[in-house]
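Visitor: Hi, I'm new to this one. Could you walk me through it while I look?

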Amino acid sequence: MDKTIEILPCEDKYIDRAIEITYEAWTPIFDGYKTALGEKMFNDLYGDWKESKYARVYRGLTSGRGFVALVDGEIAGFIFYEVDEAKKQGLVEENAVSSEY
């Protein structure tokens, strides 16, 4: 059966799931950092990484430059970007895809 895929501007109703996907995607990465660096150095460098990641993703998705990918109406992932007008360039800031996809 074909799936319906949509890319839409992010709305508030998608934020909670996007944050869950963020934690799902980044937890293994930060766990690797903790293993490589040791707990003390990790905490000194990253502290409560979930709090800072939440703030960054929330800010990006609500900036007007955030998008979600829906598969059959369910969020599969997200992306947001920044624009540097002075340099006339854009940069993908964050993106993540649920492990289900």
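Visitor: Let's start with Lys53. Which residues is Lys53 in contact with, leaving aside its neighbours within four places in sequence?
Guide: Thr22, Trp26, Phe30 and Glu94 are in contact with Lys53 once those neighbours are left aside. Contact means heavy atoms within 4.5 Å. This is a predicted model, where local features need pLDDT of at least 70, side-chain atom pairs count only at pLDDT 80 or more, and totals for chains, interfaces and linings use all residues. Residues are numbered from 1 along each chain as its sequence is written, and side-chain values use heavy atoms, with hydrogens and water left out.

Visitor: Does a label apply here: is Lys53 buried or exposed?
Guide: Lys53 counts as buried because its relative accessibility is 9%. Buried means under 20% relative accessible area, exposed over 50%, and partly exposed in between, using a 1.4 Å probe and protein chains only.

Visitor: And where is Lys53 placed?
Guide: Lys53 sits in helix H3. Helices (H or I, at least four residues) and strands (E, at least two) are DSSP runs, numbered from the N terminus.

Visitor: What does helix H3 pack on?
Guide: Helix H3, residues 49-61, packs on the sheet and touches S2, S3 and S4. The direction of H3 makes about 80 degrees with that of S3. For such angles, axes are lines fitted to C-alpha atoms, for helices over the stretch in contact, and the angles run from 0 to 180 degrees between N-to-C directions.

Visitor: What about helix H1, which strands does it lie across?
Guide: Helix H1 (residues 15-37) lies across strand S3 (74-84) and S4, and runs at about 85 degrees to S3.

Visitor: Okay, the sheet then. In what order do the strands come?
Guide: The order is S1-S2-S3-S4, four strands in an open sheet with antiparallel pairing. Strand S1 (5-9) and strand S4 (89-97) are the edge strands, each pairing on one side only. From one strand to the next, the twist averages 20 degrees. Two strands pair if DSSP finds at least two bridges between them.

Visitor: How many bridges join S1 to S2?
Guide: Five bridges join S1 to strand S2 (residues 66-71), and the two run antiparallel. Pro9 has Phe67 as its bridge partner in S2, while Leu8 is partnered by Val68 there.

Visitor: Is S1 lying in the open or enclosed?
Guide: S1 lies largely in the open, because the number of buried residues among its five is zero. In S2, five of the six residues are buried, so S2 is largely enclosed by the rest of the structure.

Visitor: Tell me about Leu37. What does Leu37 touch?
Guide: Not counting residues up to four places away in sequence, Leu37 touches Phe42, Leu45 and Tyr46. Leu37 is found in helix H1 and counts as partly exposed, at 31% relative accessibility. Tyr33 is found in helix H1 too, and at 32% relative accessibility Tyr33 counts as partly exposed.

Visitor: Last one, the whole chain: in what order do its elements run?
Guide: From the N terminus on, they run β-α-α-α-β-β-β. Buried residues make up 27% of the 101 residues in the protein chain.
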